[in-house]
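Colleague: I would like to go through this model feature by feature. Please give the general idea each time, then the case at hand.

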Amino acid sequence: MKTAQAGTVESMDCLVTVSEAEPGTGLVLNLAGSSVARFSKAMEKAVRETLEGLGIRDLAVSVQDNGALDLVLKARLEAAVARLKEGGESA
Amino acid sequence: MPKNILGREIPEFIEGYGETQPFMGASARKPEGNRAGPKLRATFGDCTSKVIPDLKAAIAASGLKSGMTVSFHHHLRNGDYVVNAVIDACAEMGIRDLTLFPTALFGVHKKLIEHIKSGVIRRIMGSVNGPIGQMVSEGGMDVPVVLRSHGGRPRAVVSGDVKIDVAFIAAPTADAYGNICGSQGKSACGSLGYAFTDAMYADCVVAVTDNLVPFPAAPVSIPQYYVDIVAVMDSIGDPAGIVSGTTRITRDPLRLLISKYASRLIEASPYFKDGISFQTGAGGISLAVTAFMKEAMKKRGVRGSFGLGGITGYFVDLLKEGYVEKLMDVQSFDLEAVKSIAENPNHIEISADWYANPWNAGTAVNMLDVVILGATEMDRDFNVNVNTEADGALLHGIGGHQDTAAGAKLTIISQPLLRGRIPCVVDKVYSVTTPGEVVDALVTEYGVTINPRRQDLIDACKEAGNVPLVSMDELIARAHEMCGPADPVETEDRIIGVIEWRDGTVIDVVRQLKKK
Amino acid sequence: MRLRRTMLYLPGNNPNMLLRGHLFAPDGLILDLEDAVAVREKDAARVLVRDVLKRGEFGSCEVTVRINGLDTEYWRKDLEMLVPLGRLDGVRAPKVDDAATVRLLDEALSEIEEKAGIEVGRIKIFCLLETAKGIFNTYDIATASPRVAAVIPGGEDLTADLRTNRSPEGTELEGIRRSVIVAARAAGVDALDTVFPRITDDEGLRRETEFIKQLGFDGKSVIHPNQIPIIHDVFTPTEKEIERAQKIVAAAKEAAERGLGAVQVDGRMVDAPVVKRALFTLTRAGLLEEGTEHA
């Protein structure tokens with residue numbers, strides 16, 4: 001299973017880890033960190049929108065959040081997906 | 001369900017609290033009747049020492065029984081050993097169902113959780129922070145906690161709402177006859193302001209000291225005629241946790257920016273003139289505001305009258321350099337403040353009653369021009385929440401928030417708009433601590449937001465020309481745009497916390513968090 | 001006349017600074033993809049900077065990006081991803097050694113601007129002179145393209161190339177600063193000073209800023225927001241300077257209305273350059289809107 005990461009756990013950032021998923025799995029999302037208590041719906045929406053924009057259906061996404069705005073979450077996810085496409089690392 | 005004047009749903013009766021008086025407005029409730037009082041006691045010439053070296057023996061002698069109310073003060077802050085030691089001893093002695101009535105609790109008191117679970121403590125009237133707050137929020141106590149301000153607490157005592165059976169007073173220095181001094185000894189903490197009312201109104205007062213000196217101890221914070229028993233411990237606290245070293249002004253650029261805007265607001269206000277009085281506390285932003293204000297005072301030749309509240313070395317410098325004439329100190333935060341209160345007659349130790357109680361003949365906050373306060377959130381109506389965190393858990397006490405806001409002519413809340421993704425402005429705060437009618441302005445990194453009822457301040461800022469004004473509507477719109485919509489906090493119906501306004505009416509209640 | 005007293009570096013992989021930098025109201029921002037970003041983070045930083053530029057909220061700051069060096073594989077990608085967004089005012093190029101480097105960058109910018117439908121020539125170039133060769137070629141570099149807005153001597157890299165190091169007194173940079181000023185003025189571009197690295201040394205920063213202002217520099221690069229108010233303070237004209245500038249501007253206006261060529265203020269002749277200087281003083285004092293025309 002290939003996996004890739006982007007981002008940090010610094011303030012207002014998040015660390016996004018993506019792993020390949022079997023076709024048909026859809027999005028497997030795991031959210032953790034400071035914003036989750038009140039913003040999990042918004043975070044999930046940001047993840048779904050980004051993956052839709054990138055044309056990806058099946059992916060495991062794990063977000064370790066430290067107060068990232070949607071813009072940052074989306075940028076980190078996009079960077080992580082790009083890294084995965086370029087090979088990623090075997091986990 | 002009945003609603004108070006702010007539209008908060010407050011049941012007429014709350015299990016474990018009793019009948020409620022709904023909040024009616026900041027100064028609407030007028031007291032009736034006389035002050036309550038402690039039990040009379042007599043002491044004669046055959047008693048020349050009140051020392052009982054052993055803590056358990058002292059507790060036994062105090063007459064403390066299961067179901068009673070015990071009080072503590074928090075001047076030893078996170079260095080305090082006394083609360084844990086007394087409750088541990090009670091547990092060993094088989095005393096249960098206590099009501100804990102501290103002026104505040106700190107992280108060091110998380111040990112109390114085991115005593116809550118085992119039934120030694122049945123109820124807490126006071127702030128619940130950190131792990132205890134989390135436990136209470138999740139439904140870990142049978143009886144709701146009651147949150148009161150530094151002024152609301154002595155009000156509750158003198159009015160008889162709360163009857164203290166035994167007050168345990170951590171005493172950095174005491175003599176055998178119970179004269180207590182806060183500014184001397186290895187555990188010196190400076191002012192003992194929060195303990196005064198407890199000493200005067202408890203049925204039994206136990207001084208707990210680690211520095212027993214020959215009679216008479218001097219200077220005296222709390223005199224011998226209030227104190228029944230002097231107990232001795234090896235150490236009442238860890239000096240490193242009691243006072244901090246030199247309190248430094250933040251170098252965090254965001255906080256400095258907010259401080260700069262806040263000080264410009266103060267400078268533009270009609271209160272920035274000779275005789276100005278202010279309270280800024282010890283937080284990063286507050287201290288920096290004081291530094292900017294000092295610069296402005298120097299530039300414009302303004303001399304202040306007094307600094308109030310929790311005192312830091314920075315305020316001591318202001319006193320020494322003549323920027324203020326007096327310091328009125330209810331709590332000394334650092335070594336410089338402790339040293340100053342011991343030596344400087346213009347650095348005055350005041351009680352919480354003197355500081356903030358609305359039900360006496362005149363309290364210090366009424367003479368205050370400007371106060372800088374924090375908040376976890378604020379809403380369109382300028383109502384402020386300091387008690388619950390974004391996730392709905394109880395996390396902070398009220399402190400002097402309500403009292404200084406109600407008393408000061410200019411109440412400023414300074415807070416970054418965003419802590420991570422969590423905004424400090426919302427449509428409606430999750431719980432109200434302080435009503436918008438006593439809050440004048442919010443200062444964030446985006447500028448100064450003034451309560452529309454203070455058109456005079458808006459005009460003054462416009463005239464000054466260097467205060468960036470931003471309306472509450474703009475600020476909330478900006479927060480929405482950046483953070484997106486927040487999910488609601490999910491709660492049970494059960495009330496786990498009651499937030500009293502300083503006059504004893506209920507301004508809001510806090511409900512148990514739903515299990516995730 | 002654009003004020004460039006302070007241009008603040010924002011690390012390109014740091015969301016906190018990228019989103020908040022403008023709040024500290026520097027005159028300009030430098031979203032940094034070069035030294036502040038580790039090689040393995042170049043890709044992620046580029047995506048982040050792109051999205052922050054798309055959001056576009058920078059107050060009234062001039063917005064620039066420090067791209068990776070023209071001797072690396074990254075700089076074209078940097079430009080291709082960021083220039084078409086149309087939000088950038090300029091590009092700060094590291095290690096510019098000669099005019100050819102500027103021309104290479106100029107051509108690449110023109111190509112991208114054209115493709116993206118952006119006015120060709122809109123994006124300005126800020127040249128970092130970080131080698132002895134670059135300093136030696138300052139005038140040629142500054143005149144290599146009409147896009148060049150400023151030349152900026154380097155700090156650490158430059159002193160290393162000179163086989164010395166940075167001292168608190170700045171002895172090693174003194175001659176360089178003087179020569180850069182002359183070349184910049186001759187070429188008609190701004191001269192911006194290098195960063196002051198000791199971020200807690202407020203007094204040292206003030207001294208250095210006073211020195212470079214006296215030399216003639218227009219401003220300084222900034223690595224910490226707390227440096228901004230100090231530099232602005234140094235560059236803010238004194239009340240006496242403002243008063244005199246206001247007198248000059250008023251006299252010039254009156255002369256123009258009455259159709260007179262030259263005027264006198266306090267017994268001294270005032271000609272066009274003096275009026276221009278006075279207007280600039282008022283701009284620095286915040287008494288004139290930037291970019292407004294004055295008769």
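Modeller: Start with burial: 44% of the 91 residues in chain A are buried, that is, have 20 or more other C-beta atoms, placed from the backbone, within 10 Å of their own. This is a predicted model, in which local features need pLDDT of at least 70 and side-chain atom pairs count only at pLDDT 80 or more, while totals for chains, interfaces and linings use all residues. Residues are numbered from 1 along each chain as its sequence is written, and chains are lettered from A in the order in which they are written.

Colleague: In what order do the elements of chain A run?

Modeller: From the N terminus the order is β-β-β-α-β-α-β, where helices (H or I, at least four residues) and strands (E, at least two) are DSSP runs. The radius of gyration of chain A, taken over C-alpha atoms, is 12 Å, close to the 12 Å of the globule rule for 91 residues, so chain A is as compact as a globular protein of that length. The rule is 2.2 Å times the number of residues to the power 0.38.

Colleague: How does one describe a helix pair?

Modeller: Two packed helices are described by the angle between their axes and the distance between the axes. In chain C, H3 (residues 75–82) and H4 (residues 99–116) pack at about 30°, with axes 10 Å apart. The axes are lines fitted to C-alpha atoms over the stretch in contact, and angles run from 0 to 180 degrees between N-to-C directions. H3(C) and H4(C) are therefore roughly parallel, a term for angles under 35 degrees.

Colleague: Which residues make the contact?

Modeller: Arg76(C), Leu79(C) and Glu80(C) of H3(C) meet Ala108(C), Leu109(C) and Ile112(C) of H4(C), contact being C-beta atoms, placed from the backbone, within 7 Å.

How values were computed:
Parallel < 35°, antiparallel > 145°, perpendicular 65-115°, else oblique. Contact = placed C-beta atoms within 7 Å. Buried ≥ 20, exposed ≤ 12 C-beta atoms within 10 Å, placed from the backbone.
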